[in-house]
Amino acid sequence: MTRHLDLPSIINADSISDWLSLINFIETIPASNELLSALNLLSKLHGNDHDLLTGLNVIAPLVHQNCDKLILLLAQSSPDPGHLSTKSRKIARLNAMLIRALCLAYINALGQKSMPDQEKTETLAKILRLITESIQANSLYYNRGSTTLWKKMGGLYELAIRENLLEKTVTDHSSDTSKNTKLVSLFKQSLILDLLNAYRAPFNKRTALFDIAGKYADKLDISVQESTHHSFIWDTRTELPILSGQAKSSGSNSVYINTDCLTQHLKKLHPELTDRDSWFFPNWQKLNGYREILDSLTPSMPRYFEVVVGMEACLELIKQLTKLSNLKRLSALPEQSNNLNDIELEPLKDINTGHIDLSGSGLSSNIERANIQPARFENFCSAQIRHASIRINTLVLILSNQKPPDLGIVRAQQANPNDSIGWALLEKLPGNLRTVVIRYNEKISRGLLLRRANGALSILLPAARYSSGDKLEITGDNPRTLTLERLEETNDQFICFQARVD
């Protein structure tokens with residue numbers, strides 16, 4: 001077990017300076033681990049004898065210096081940033097953990113003593129910049145920012161409202177030239193990065209993404225007052241990412257976000273970002289409510305399909321279809337097959353629902369009729385579905401007599417209050433499907449494996465805490481280890497990672 005350097009018994013600027021002199025000449029990774037251990041203790045420290053805030057102001061520059069060194073080590077250890085080795089991922093994670101720990105220590109210090117408004121505002125500004133840095137650091141290994149910090153930020157926003165601090169001016173040191181900005185703008189930067197799914201941005205486009213959040217934060221409109229025109233909802237008391245404005249509001253905890261001004265500004269100054277072939281196009285569609293895709297829908301002769309709505313129903317039906325598919329293939333497998341795509345992980349690709357009688361399976365009650373029309377955008381379609389529980393981010397399985405089922409995600413919806421039939425915009429996830437049973441941290445859950453046409457493997461799991469680099473056990477007669485490579489999407493319904501089977 002590694003023995004860490006003991007912190008001073010009394011925390012203040014002088015004692016922390018003396019302690020840091022012991023760390024200055026330690027190599028980067030051991031020094032970072034020392035700092036992390038110390039910050040974890042400082043994030044829980046209480047007592048009137050300590051001057052925690054001044055101590056943190058002394059330690060913070062060295063933390064940032066070590067983070068810069070870690071990023072340099074990361075670049076040296078991973079020539080191809082699109083594919084992180086185990087060593088590279090550990091370095092990236094240590095960098096993110098350092099920033100998170102420093103931020104939590106500052107949050108602890110904020111509650112330790114009463115402060116004048118200006119000092120409290122400046123401390124809040126430091127915390128909010130660290131939350132933005134956390135999102136950036138986590139994106140280096142394709143992960144969402146710390147969910148703990150995200151929930152803490154909600155509490156800080158409520159604090160800033162109660163004490164009328166949102167419009168207070170602070171100095172922004174994030175650019176080469178210091179400038180004054182309002183505290184609320186720092187909240188908006190993190191909100192924009194969450195909306196834009198920073199973890200999913202191409203590596204060579206991340207700087208551009210962070211620049212957008214920094215430059216145009218003030219173009220985001222946020223309010224605790226509900227509006228008929230809001231685009232998104234932020235629940236300040238949960239770890240959930242920002243949800244569509246069509247999601248059910250949680251009431252007094254909700255902050256309503258309107259992106260109209262932001263999208264108009266981006267379209268005017270950066271029209272190249274709105275191009276269909278642009279790397280930013282998926283973000284653009286999300287920000288503007290998929291309007292361009294919705295406008296591409298044209299009335300046509302309806303095509304009726306059967307659909308299954310909701311993750312559990314999708315999992316159960318795919319499980320039953322896979323059993324029948326495996327029986328069909330069983331006789332064709334070599335006796336000693338150890339291929340990665342053998343019967344344990346073979347995707348569902350040679351069976352369709354037209355061959356199956358579901359009446360005795362208990363699944364027929366989950367199947368609905370839907371009128372589906374394609375959009376002029378690849379992998380998007382509209383659907384009229386008679387289902388009371390359908391909402392944004394709901395998974396929908398589209399059944400066909402001619403081919404295996406398609407998996408779709410509800411991206412927009414409109415319900416008729418006088419009818420049980422709802423309208424939804426679906427984004428299809430092309431690929432072959434099968435279910436797996438996963439064990440992680442002694443917990444068992446089911447997931448959907450999606451094998452894409454290019455061979456890439458994704459797994460969709462019920463919404464929970466998972467992180468890039470986590471290793472999950474696929475249970476069964478032929479157990480395998482599934483490593484989560486990079487986060488592709490997370491919301492209130494599910495979490496999806498690109499993955500590999502070891």
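**Where two helices meet**

Which residues in α3 meet Glu119, Thr123, Lys126, Leu130 and Glu133 in α5? They are Leu53, Asn57 and His64, where contact means heavy atoms within 4.5 Å. Helices here are DSSP runs of H or I with at least four residues, strands are runs of E with at least two, and both are numbered from the N terminus. Ala, Val, Leu, Ile, Met, Phe, Trp, Tyr, Cys and Pro count as nonpolar, Asp, Glu, Lys and Arg as charged, and the others, Gly among them, as polar.

The model you are looking at is predicted, so local features need pLDDT of at least 70 and side-chain atom pairs count only at pLDDT 80 or more, while totals for chains, interfaces and linings use all residues. Residues are numbered from 1 along each chain as its sequence is written, and side-chain values use heavy atoms, with hydrogens and water left out.

The axes of α3 and α5 come within 13 Å and cross at roughly 30 degrees. Axes are lines fitted to C-alpha atoms, for helices over the stretch in contact, and angles run from 0 to 180 degrees between N-to-C directions. That angle makes α3 roughly parallel to α5; the word covers angles under 35 degrees, while over 145 is roughly antiparallel, 65 to 115 roughly perpendicular and the rest oblique. α3 passes α5 in a left-handed crossing, meaning that the near helix is turned anticlockwise from the far one by less than a right angle (right-handed if clockwise).

Helix α3 (residues 52-77) also packs with helix α2 (residues 28-42), at an angle of about 145 degrees and with the axes 10 Å apart. The crossing of α2 past α3 is left-handed. Among the residues making this contact are Leu35, Leu39 and Leu42 of α2 and Leu56, Ile59 and Leu62 of α3. In the contact of α2 with α3, 12 residues are nonpolar, three polar and one charged.

**α5 and its partner α6**

Next comes the pair formed by helix α5 (residues 117-139) and helix α6 (residues 147-162), which pack at about 150 degrees with their axes 11 Å apart. The two are therefore roughly antiparallel to each other. On the α5 side the contact is made by Leu124, Ile127, Leu128, Ile131 and Ser134, and on the α6 side by Leu149, Met153 and Leu156. Seven of the contact residues are nonpolar, one is polar and none is charged.

A salt bridge links Glu163 with Lys120, the closest N and O atoms being 2.9 Å apart. The term means a side-chain nitrogen of Lys or Arg within 4 Å of a carboxyl oxygen of Asp or Glu. Glu163 lies in the loop between α6 and β1 (169-172) and Lys120 in helix α5, so the pair ties together parts that are 43 residues apart in sequence. A search of the whole structure finds 20 salt bridges.

**An open sheet with helices against it**

Four strands form an open sheet in the order β3-β6-β4-β5, with antiparallel pairing. Two strands pair if DSSP finds at least two bridges between them. The edge strands, β3 (221-223) and β5 (243-244), each pair on one side only. Strand β4 (residues 232-235) is joined to β5 by two bridges.

Helix α6 packs on this sheet, touching β3, β4 and β6 (254-258), and its direction makes about 90 degrees with that of β4. Helix α7 (residues 183-195) lies across β3, β4 and β6 and runs at about 110 degrees to β3.

Six strands close into a barrel in the order β13-β14-β15-β18-β17-β16, with antiparallel pairing. Its neighbouring strands are turned by 45 degrees against each other on average, direction ignored. Strand β13 (residues 432-440) pairs with strand β16 (residues 471-474) over two bridges, in the antiparallel sense, and Arg439 stands opposite Glu473 in β16.

Finally, look for Arg303 in strand β7 (residues 303-309). Arg303 touches Ala370, Asn371 and Ile372, not counting residues up to four places away in sequence. Arg303 and Pro374 are 71 residues apart in sequence, yet their C-alpha atoms are 9.6 Å apart in space.
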